[in-house]
Amino acid sequence: MMETGIQINLTWLILLVAFSATALSISLVLWLQIWRKKRDRRKVIAQFNSIVNNSAYKYEPASVTSETAVEATDILLSNLQQAMQKNEFFLVYQPKIAVKTGLVIGAEALIRWLNPELGLVSPETFIPLAEKLGLIVPLGEWIIKTAGVDLKRLHADGLVDLTVAVNVSAAQFNAGDVVSMLVEQINATNLPPQLFEVEITESLVMDNLAKIAQMLRTLKSMGVKIAMDDFGTGHSSLSQLQYLPVDILKIDQSFVKGMQRYDRNHAIVATIVNLARKLELKVVAEGVENDVQVQILREEGCDYFQGYYYSKPLAYAEYRQYCMDNIV
Ligand code: C2E
Ligand code: CA
Ligand code: CA
């Protein structure tokens with residue numbers, strides 16, 4: 001009797017061990033499958049990012065049609081659809097420094113997308129996709145709203161003169177009502193419109209010059225500042241200056257980077273600063289990374305610096321602290 005009882009218990013034990021082992025190996029296999037899938041997806045995205053961020057890509061859109069890019073685009077698109085609801089976007093702020101005082105005057109808001117599966121995806125990758133999906137309109141509205149709310153919080157902390165610049169793409173101007181979005185935010189925050197800046201890129205301007213010029217004039221008449229981003233990289237930056245109510249020129253990073261090695265780059269930077277003087281515009285040098293560049297830009301009469309030499313883009317709390325430490 002006793003023996004049978006022990007036998008039964010033993011049988012149950014064996015069955016239990018066998019069951020647990022099977023369950024464990026099934027979960028292990030499943031986990032491995034998921035892990036591999038995630039790893040492969042990350043690889044595809046990483047490859048895609050490197051294609052997109054390769055400067056040659058900008059002039060050779062054909063490389064996007066590679067298999068990697070097509071697969072990555074599908075993965076990104078499916079995740080991007082829900083990214084807003086899942087609160088996966090956030091803004092970082094890159095300080096702008098006044099050349100004369102060395103103090104922070106405000107920041108450019110730059111969007112980030114952190115997806116649990118894909119990691120941090122570059123805006124250069126997902127902004128064009130958001131435009132394709134029509135997501136850029138709600139996304140752009142979220143950017144303007146968040147930048148306004150954060151600026152208000154800084155002002156409430158006594159950082160009252162800070163400005164904020166938002167990037168606005170062609171699709172945002174064409175599809176959405178950027179003017180109303182900004183008006184709404186200015187009213188909601190009750191901050192001076194002069195503290196808000198819109199950064200427009202040249203490619204944006206090419207698309208639909210007359211309509212965009214009109215919207216920019218409306219913004220300017222309210223007091224909002226207009227900056228021309230990546231100045232000097234397009235085909236007709238000078239001719240656009242005739243029509244657009246620009247207040248600020250942002251010298252493209254590529255010119256700043258090459259200044260030490262190439263006299264030509266130095267000459268281009270000096271010419272842009274001179275042009276700005278004549279047109280009574282302010283000049284921001286982007287991508288400032290070392291003290292030699294700082295020295296040259298100061299001598300040439302640049303108004304503001306922006307770049308890793310002063311600060312990388314910072315999350316809100318870090319930016320707030322940066323301002324506290326670098327403001328009179
Ligand atoms: P951008 O507007 O020309 O922004 C400057 C880019 O240069 C940023 O990259 C910034 O992190 C990077 N940068 C700043 N200082 C330095 C430096 O000293 N050295 C180097 N190597 N890089 C520097 P990010 O944030 O990846 O943005 C890339 C582009 O994506 C932006 O170029 C802009 O065209 C677009 N973008 C970013 N945020 C937004 C947004 O909120 N809306 C729209 N429409 N476009 C955005
Ligand atoms: Ca910009
Ligand atoms: Ca730029």
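Let's start where strand β1 (residues 89-98) runs antiparallel to β2 (104-115), the two being joined by nine bridges. Before going on, some ground rules: this is a predicted model, in which local features need pLDDT of at least 70 and side-chain atom pairs count only at pLDDT 80 or more, while totals for chains, interfaces and linings use all residues. Residues are numbered from 1 along each chain as its sequence is written, and chains are lettered from A and ligands numbered from 1 in the order in which they are written.

A few terms for the pairing: helices (H or I, at least four residues) and strands (E, at least two) are DSSP runs, numbered from the N terminus, and two strands count as paired if DSSP finds at least two bridges between them.

Back to the hairpin. Phe90 sits opposite Arg112 of β2. Five residues lie between the strands of this β1-β2 hairpin, and there Gly102 has a positive phi near 75 degrees. β2 then forms another hairpin, with β3, and three residues lie between those two strands. Here β2 and β3 (residues 119-121) run antiparallel with three bridges, and Leu114 faces Leu120 in β3. β2 has yet another partner: β4 pairs with it in the parallel sense through four bridges, and in that pairing Gly106 is placed opposite Thr163.

Leu195 is 89 residues away from Gly106 in sequence, yet their C-alpha atoms are 8.6 Å apart.

What about the chain as a whole? There are 14 helices and nine strands. Of the 328 residues, 32% are buried. Among contacts with a separation of 6 or more, 66% are between residues 24 or more positions apart.

β2 also takes us to the ligand. A residue is near a molecule or strand if its C-beta atom, placed from the backbone, lies within 6 Å of it. There are 19 residues around ligand 1, and Ile111, Pro123, Asn167, Gly307 and Tyr308 come nearest. The elements giving two or more residues to this shell are β2, α4 (123-133), β4 (163-168) and β6 (225-231). α4 gives the most, with three residues. Sorted by class, the shell has nine nonpolar, six polar and four charged residues. For that count, Ala, Val, Leu, Ile, Met, Phe, Trp, Tyr, Cys and Pro are nonpolar, Asp, Glu, Lys and Arg are charged, and the others, Gly among them, are polar.

Now move along to β7 (residues 248-251), which runs parallel to β8 (residues 282-285) with four bridges between them. Ile248 has Lys282 in β8 as its bridge partner. Leu249, also in β7, counts as buried because 26 C-beta neighbours lie inside 10 Å. Not counting residues up to four places away in sequence, Leu249 touches Met228, Phe231, Ile272, Ala276, Leu281 and Val283. With Ile272, 23 residues apart along the chain, the C-alpha separation is 8.2 Å.

β8 has a parallel neighbour in β9 (residues 304-305) as well, through two bridges, and Ala285 stands opposite Phe305 there. Together with helix α13 (residues 291-300), β8 and β9 make a right-handed β-α-β unit; right-handed means that, with the strands pointing away from the viewer, the path from the first strand over the helix to the second runs clockwise.

Which residues of α13 are buried? They are Gln293, Val294 and Leu297. Seen down the helix axis, the buried residues of α13 fall within an arc of 100 degrees, so they line one face of the helix; the arc is that of the directions from the helix axis to the C-beta atoms. These buried residues pack against α11 (253-258), β8 and β9. On the other side of α13, Asp291, Val292, Gln295 and Glu299 are exposed. After α13 comes Gly301, with a positive phi near 95 degrees.

Key
Buried ≥ 20, exposed ≤ 12 C-beta atoms within 10 Å, placed from the backbone. Contact = placed C-beta atoms within 7 Å.
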